[in-house]
Amino acid sequence: MKTLRVNLPGREYDIKIEKGSLDQSGELIARIHEPCNIAIVTDSNVAPLYSNRLITSMKKYGFSPKLITIPAGEGSKSVNMLTSLYAQMLDMGLTRSDLIIALGGGVVGDLTGFCASTLLRGIPFVQIPTTLLSQVDSSVGGKVAVNLPQGKNLVGTFYQPKLVIIDPTCLETLSDRIFSDGMAEVIKYGVILDENLFNTLRTSPTRTKITEVIGDIIYRSCDLKRMVVEEDEHDTGGRMILNFGHTFGHAIEKKYNFTDYTHGEGVAAGMVMAAEYGEHSGISPHGTAQQIAEVVTAFGLPAKIDIDKTSLINAVKVDKKGEGNLVTLVLAQRIGKAILQKTKKDGIWIW
Ligand SMILES: NC(=O)c1ccc[n+]([C@@H]2O[C@H](COP(=O)([O-])OP(=O)(O)OC[C@H]3O[C@@H](n4cnc5c(N)ncnc54)[C@H](O)[C@@H]3O)[C@@H](O)[C@H]2O)c1
Ligand SMILES: [Zn+2]
């Protein structure tokens, strides 16, 4: 089994990656926790697919699991759903010596993690991510949150899990669109940190081909995110590099009311635009945008989405990570290396 150790002082934990590891969850969790009550939170799509296997494995190792199923979709990442989770967990008599497991995509992971971080001032928590996006991105790094009517992820904190169990075979039941959504983040890791990863994506440019090496792709992606997070756990500096393509991507998602395009689709087109910006400002070599466009297209993601340039400039100017008159742009110096560039808001221009 492939194991990655995330080294955060006092909050170290392992990420275990292997095909079929879902059925080994009981054994893996028994190594880090005594038998106890467990609240397993999942969603209405994932429950019928994977919850029985998890429950069987937990019972085999002496745990007493109870399943809580929430409706699938971003709408569940709400304060109302959080309150409902608190109530159900208190009803089942959960204490701080028990455990909470998130079984699902990023919605289940973010909501359940925030619940675990706050209920009774913190209950140990395990992530079992089941979408590509959650396996390579949201389950690593400890950001947990719920949405408010005013915006996404506005109430949140940092709370590291005790263990992350990744079973790549869970991805087989994802639709092509949701699989591609996660691929956008993998492509991003290649562009910002790892030319070899980017080249692997270029030479295996379909879902079928990449699935042959998906365990390695997930491992490499988690490892890259681990390195960035260990340097900047609380997102005050270097972690900003992970936002490559995201400011423009967010502007696209917003323009289309967060309905027409997935996050990954926005990020895919956003990365191409960020590379175009980089080329025009003399930071990215000529052809960088074209290379990114080819790979995102190969994985069924859009390289171009119609959006007016004023919306893009405004998105950069209102970025919540800006300081006074300065904003930080994430630009590709070449494929495999991104840099952070502080720029005056007035100095931002579009090609
Ligand atoms: N915490 C972080 O660092 C971080 C990073 C990136 C994104 N996020 C958050 O993650 C969320 C998006 O995550 P997501 O893309 O996983 O969305 P999601 O959790 O909504 O999952 C997408 C869809 O796939 C379904 N699904 C999940 N696993 C499945 C499986 N194995 N087979 C079939 N269907 C399955 C879900 O029911 C859902 O309908 C957003 O809320 C975003 O803000 C958090
Ligand atoms: Zn993202």
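Student: How many residues surround ligand 1, and which are the closest?
Tutor: This is a predicted model, to begin with. In it, 29 residues surround ligand 1. The closest are Asn45, Gly105, Gly106, Thr131 and Ser138.
Student: What's the shell like by class?
Tutor: Twelve polar, nine nonpolar and eight charged residues.
Student: Back to α6. At what angle do α6 and α11 pack?
Tutor: About 35°, with the axes 7 Å apart. Helix α6 covers residues 176-193 and α11 covers 263-280. Their crossing is left-handed.
Student: Which residues make that contact?
Tutor: From α6, Ser180, Asp181, Gly182, Met183, Ala184, Glu185, Lys188 and Val191. From α11, His263, Gly264, Val267, Ala268 and Met271. They divide into six nonpolar, four polar and three charged.
Student: New topic, the whole fold. How many helices and strands?
Tutor: The protein has 13 helices and eleven strands.
Student: What does the radius of gyration say?
Tutor: It is 20 Å, which agrees with a compact globule, because 351 residues packed that way would give a value near 20 Å. The C-alpha atoms fill a box of roughly 60 × 40 × 40 Å along the principal axes.
Student: How much of the protein is buried?
Tutor: Buried residues make up 45% of the 351.
Student: And what share of contacts joins residues at least 24 apart?
Tutor: 73%, counting contacts between residues at least 6 apart in sequence.

Technical notes:
Residues are numbered from 1 along each chain as its sequence is written. Chains are lettered from A and ligands numbered from 1 in the order in which they are written. This is a predicted model: local features need pLDDT of at least 70, side-chain atom pairs count only at pLDDT 80 or more; totals for chains, interfaces and linings use all residues. Helices (H or I, at least four residues) and strands (E, at least two) are DSSP runs, numbered from the N terminus. The radius of gyration is taken over C-alpha atoms; the globule rule is 2.2 Å times the number of residues to the power 0.38. A residue is buried if 20 or more other C-beta atoms lie within 10 Å of its own, exposed if 12 or fewer, and partly exposed in between; C-beta atoms are placed from the backbone. Two residues are in contact if their C-beta atoms, placed from the backbone, lie within 7 Å. Axes are lines fitted to C-alpha atoms, for helices over the stretch in contact, and angles run from 0 to 180 degrees between N-to-C directions. A crossing is left-handed if the near helix is turned anticlockwise from the far one by less than a right angle, and right-handed if clockwise. Ala, Val, Leu, Ile, Met, Phe, Trp, Tyr, Cys and Pro count as nonpolar, Asp, Glu, Lys and Arg as charged, and the others, Gly among them, as polar. A residue is near a molecule or strand if its C-beta atom, placed from the backbone, lies within 6 Å of it.
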